[in-house]
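Dear colleague,

Please find the structure below, together with its sequence. My findings follow directly after it.

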Amino acid sequence: DSAEIARIIENVNKKLEVATLGLEKSTKLFKEAGAQKDTMANLASLGILAAAFGHETLDWTGTVVKNAN
């Protein structure tokens, strides 16, 4: 029965290897998703800042036009 035990151990080792590879892949994907989330948050912040700057610029140009007249 030692051959049977050796076969069972080999099967367990193969399944463990597959599970380990799956965990490594999942971890890599999770880290990549976090980096993408951070990039999107940064781009959203830039968009908000650009909109605020544009709004402030309109106010200043309106003042300049009034004073030029």
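This is a predicted model: local features need pLDDT of at least 70, side-chain atom pairs count only at pLDDT 80 or more; totals for chains, interfaces and linings use all residues.

Buried residues, meaning those under 20% relative accessible area, make up 0% of the 69 residues in the chain.

Residues are numbered from 1 along each chain as its sequence is written, and side-chain values use heavy atoms, leaving out hydrogens and water.

Overall form

The chain contains one helix and zero strands; these are DSSP runs, numbered from the N terminus (helices H or I, at least four residues; strands E, at least two). The C-alpha atoms fill a box of roughly 100 × 5 × 5 Å along the principal axes. The radius of gyration, taken over C-alpha atoms, is 30 Å, whereas a compact globule of 69 residues would have one near 11 Å; the globule rule is 2.2 Å times the number of residues to the power 0.38.

Surface

Accessible areas come from the Shrake-Rupley method with a 1.4 Å probe; for residues, only the protein chains shown count as cover. Met40, Leu43, Leu46 and Leu49 form a nonpolar surface patch with about 450 Å² of accessible area together. Patches take residues with over 30% relative accessible area and no salt bridge, joining nonpolar side chains (Val, Leu, Ile, Met, Phe, Trp, Tyr) within 5 Å and like charges within 9 Å. Leu49 lies in helix α1 (residues 2-68) and counts as exposed because its relative accessibility is 58%.

Charges

The chain carries 8 positive and 9 negative side chains, and the centres of the two sets lie 3 Å apart. Lys and Arg count as positive and Asp and Glu as negative, without His and the chain ends; each charge is placed at NZ of Lys, CZ of Arg, CG of Asp or CD of Glu.

There are three salt bridges, each a side-chain nitrogen of Lys or Arg within 4 Å of a carboxyl oxygen of Asp or Glu:

- Glu4 and Arg7 meet at 2.6 Å, N to O, and lie three residues apart in helix α1, about one turn.
- Glu10 and Lys14 meet at 3.4 Å, N to O, and lie four residues apart in helix α1, about one turn.
- Lys37 pairs with Asp38, the closest N and O atoms being 3.3 Å apart; Lys37 is exposed at 57%, and Asp38 is partly exposed at 40%.

Yours sincerely

Terms used
Buried means under 20% relative accessible area, exposed over 50%, partly exposed in between (1.4 Å probe, protein chains only).
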